[in-house]
Each structure stands twice: as structure tokens, then as C-alpha cells.
Amino acid sequence: MKRFEIKESFHLDGKPFKILSGAIHYFRIHPDDWYHSLYNLKALGFNTVETYVPWNMHEPQKGEFDFSGILDVESFLQQAQDLGLYAIVRPSPFICAEWEFGGFPAWLLSEDMRIRSSDKAYLTHVARYYDELLPRLVKYQLENGGNILMMQIENEYGSYGEDKDYLRAVRDLMLERGVTCPLFTSDGPWRATLKAGSMIEDNILATGNFGSRAAENFASMKEFFAEHGKKWPLMCMEFWDGWFNRWNEPVITRDGEDLAQSVHEALKEGSINLYMFHGGTNFGFMNGCSARGQRDLPQVTSYDYDALLDEAGNPTAKYYAVKKMIATYYPEYPQLEPLVYERDENWEVTAELTDKVSLLSVKDDLAVPVRSLYPRSMKELGQNYGYLLYETKAVWDAEEERLRVIDGRDRAQVFVDGELVATQYQEEIGEDIFVAGKVKKEKNIDVLVENMGRVNYGNKLLSDTQDKGIRQGVMKDLHFILDWKHYKLDFKSLENLDFTRDWVENQPGFYKFDFSMETLYNSVYINLENFGKGVVFVNGHNIGRFWNVGPTLSLYVPKGFLKEGDNQVIVFETEGIYDQRITFNQKPNFKLVKGENL
């Protein structure tokens, strides 16, 4: 039985052990590609894989748990162990990770409690989740014959709160459910965050998160340790080798040689976890959202992160730069030739449009409407993700009426008798919308509201902007309009989509493309540069959001979502911008973005 200990240095089976880890999130990578990514981590000379665990994926609805397919964390850990990799698991209730709501299930917003606190109601939910999750992890602890070295209690809590009773409660929940491996916290490396978020007084290892100036940041950590009489090993739990991207902002990259030297600087003094080693993809509606002042800034579908492996899992120039550095300075860590997916820059498959239909024509096929006097928000309707379509009728009392959507998130498109009259985003929502019409004439009003992703970090976790949809109402003149239908469009299934119904120009619509693939590749992207905004479904799988503001104009499609022979793509597009064909190729498509952030 192996034994991992935290002394003045890390020890494995009684001998000093340096952790060379890379982050691979199993839930961002198709299971068919796990081995490829894990092998390439081993080939780099690294000995450990790190992963978060997303609560919102494992308990999507209260009391309903899922550990299958892309969520089979046990299979992921087993594949890592089979390759000789140890594991660091971060099953914190909160993960940040540029992931929707920081990994919290959206249904928590409907509960009477305060998240990330010692609130007993909140901890009851965490306990029930851990009842399901932790037995699956405990069996993979070293002492049980598995490969888990350490587990995390909470994530960057020092950048959020200082409720030590909360941290101790989470620790106790873990211990009560059989966790015996060493525990840790991770925070910014400066004193304020370490003081607020660490559990140094409880003898829980504190690690730091940073991406450069390792000597300076480790010095800050050592000073904090010394204040408390600790001589702990130094570890950067998130050494940022790239960065995430937001809509309408330039792609962020980092020079590979610069990274290699920065990693060398860190390894001189301590251990490291490269964040990310393989970033992967925010499939479905799982992209996170940043907050800057009063503005929420949703992140893109790709989580390429400019990591050592690209979004499709192939080694980048950055991978080879770090690999060369490891071979030069740390030859004791054996390396292998990495696996590389076949890629043909000239390969392309074109799919022609076979059918199209407008959303307003098929709304009753997609959802059973919920009726209420006033518009209700997603939280009130028990809807977590996607779009919410509101419908009502109103009689015009003047030749030009003023409409206003009051208090909504995140993006609203207003249609009167099927014609788009306004598109409003965040702070624009609430501005006047003037619509001409005949006096005493009844008109149909539809409002499509998109949840573009909840904030995943910082003080706005508890903000009312996390509740999506219309939260107060829609006004005509100076009064709220009554009698609304709500269509909850989470797109869990498109089986009832009827393409025999009407398609209307400039309305949100569905576009179907049927095509055949004789050869399947692992590095496939669907080019969406001629479409506006929406989401894409490949053989029923929601592969994520696209938007022509950039910086990404394509979406990655794992080989596991494709089939030899007949395939189908359905594009849901909200701006009325589409093409008669789509193309698949083996290179991502980007747009040079210089403008202001949305």
C-alpha cells in the first residue's frame, strides 16, 4: 500500500516526491479522448493529473445524480492509474473554473440559504451531494489501492469569504464519508487571501495559484507559513499557462518559451499543477461568465486556454517547449513521444441545408407553455439553462406605443406580430422600444430571453443577475402587461421539432443539415462564420454556443459525437443570419477582435 505524506516536503512511500501535475477536466473532454490526453501528460514527464468535480453536472436537478458517460469520474481516475499517473481531485462545492455558476447547480438559487457559508441549509445540500460523490472517490485513495494523492476542501475561498466554520464543516463532511488522504486549500499567494481562505490553524496544507514570478509568490507563501510555525512544501495548485476568452475580446495567448522558463522557476522551489494541460470545451450551456463592475461578460464555448494541448487534444508548440525544458533540467522524469491525432489541413466536408423552420412556428412542439399573470423568471419556473420565450397579446391604444422590458437578464429580443423590434443586452434592457400600430388593434408580443451563463467567480455569485429571464415584467405605456405564456427552451431534446411548419425571415429559427462522413477524425471543427448567434446540435449533442462577434467562429466537434455514414446538424440561430451550407474542417476559425467589450 502506497502512502503520501505532507512533511517539510511531499513524501511518497517515505521518499521525497515532487508533484508534476497537469489539469485535465474529464467533463470538458469526450471520454473517448481521455486516454489520449492522459498519455500525453505522462509523455511530458509528469506524474499526476488534477481535476475539478462539477456539482451542477453530477446533480443537475435536486436529488437526481449522474455519473455516466462524460461524467464517469471513476473511469477517468482508473485510466489515469492504468497509465501510472497519480491524481489530485478537487471536489469542492465551488470550483470557479470558468464554468457555469462556478459549478453550483442553478437550482440552489431557489433554496432559502446562503451558498459558500456555514448556513446549515446549504451544508445539508452539500452533504447529500457528498453522500453520492465521495464513495466514488474514496475507493481511489492511495490507501485503498487507487491513485488519489490529495483532495481540496474549497477553492480560492480567500477571494470570497473568511467563514472558517464553513471550511471546517466541508472538511468534516469529507472525513465523515471516508476521506483519509491529505487535504488542502488553494488561494492567491498573498497574505490577505491566504489568511481568509486557508486552514493553516487546522494544519491543512495551503497552496497558491499564480502563473508567473514563482520566486516572489513562493516567498510570500513561505512568509505566511512562518508566521504560523509551518515548514510546508511549496505548491502552485494552478500555474496558469494560458487564459480563457470572452466574447468580443481578443484571444489571449502566452509564449511557450516564456512559460517553460516560468515553470522551471517554480520547479526549482516546489511542485506544480499546470492549469490547464488540456482545456477542452464548455459543451452545452456550461460556459462561465466574468463580472466587471455592473457588466457580466460571458465566456466562449472553447476552453482551449492556449494550453499545452489544443482544444482537440493535440500537442502545441508550448507542449514541446515545456517538454524540452523538463528533459534539460529534470532528466530524472522519463518522457515519451506524445500521441498526435491525424490532421489534414485540406480535409473538408460540406453539408447542405435540408430544412429550416422558425422558432415562433414550433414553440408549442418544443415546450408546454406555462401560464401566469405576470412574466416569471427562470428560477421561478424551475428552468436552469437555455432560452425562455414569453408570449402575450396587447391592444394598441395609440398609433405608437412604448414598450419596456423591466429587469431582465441576459439578452432580450422583442417581436411584435413576428417582427423584431428590438434586441437589448444587459444594461440596455429597460430602454424604450417604440412600435407603431393601429389604435384598438391587438398585437402579439414575443420576448426571447437568453441565459448567456452565470457568473462563476467573485462577489456576484449571490447577485440577482444570476436569476435569468424577465424578473419584473413588460410595460406598455406606463403599466405592466398581463397574461403571459412561458416556453422553457432548454433544448434537452429536439425530437419534436417539426420542420414542415413555417420559416419566416429574420426570426430565430432552426436549420437542419444532413450529411455523410466516410472518415472520422479527432480534430474536427464546424465553421459558423456565416451564422449569427445561437447553439449547435450534432447528432443530438449540444456542442455549445457560437456568436459572430468572435473571437471564435467555429465549434469543436469530438469524434465521439460523429458517426460513420449519416449525420445530422441542427443549428438554432437567433439573429436571422444563416447560410445554405456549413463546412467541417480540421482547423479552428477565429475573428480578429479589436472593439469594445460587449
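**View 1. Asn 245 and the backbone of Ile 252.** A polar atom of the Asn 245 side chain sits 2.9 Å from the backbone nitrogen of Ile 252. This is a predicted model, where local features need pLDDT of at least 70, side-chain atom pairs count only at pLDDT 80 or more, and totals for chains, interfaces and linings use all residues. Residues are numbered from 1 along each chain as its sequence is written, and side-chain values use heavy atoms, with hydrogens and water left out. Asn 245 belongs to the loop between strand 10 (235–240) and helix 8 (256–269); helices (H or I, at least four residues) and strands (E, at least two) are DSSP runs, numbered from the N terminus. Asn 245 counts as buried because its relative accessibility is 12%; buried means under 20% relative accessible area, exposed over 50%, and partly exposed in between (1.4 Å probe, protein chains only). Setting aside neighbours within four places in sequence, the contacts of Asn 245 (heavy atoms within 4.5 Å) include Gln 299 and Val 300.

**View 2. Leu 373 in its loop.** Look for Leu 373 between strand 15 (370–372) and helix 11 (378–381). With 44% relative accessibility, Leu 373 counts as partly exposed.

View 3. The UniProt annotation "domain: Beta-galactosidase galactose-binding", from an unreviewed entry, covers residues 508–567; UniProt positions follow the numbering used here, feature names are shortened, and annotations may be inferred rather than shown by experiment. This span is 0% helix and 55% strand, with its end C-alpha atoms 23 Å apart.

Key
Polar contact = N/O pair within 3.5 Å; in protein donor to acceptor, adjacent residues only side chain to side chain.
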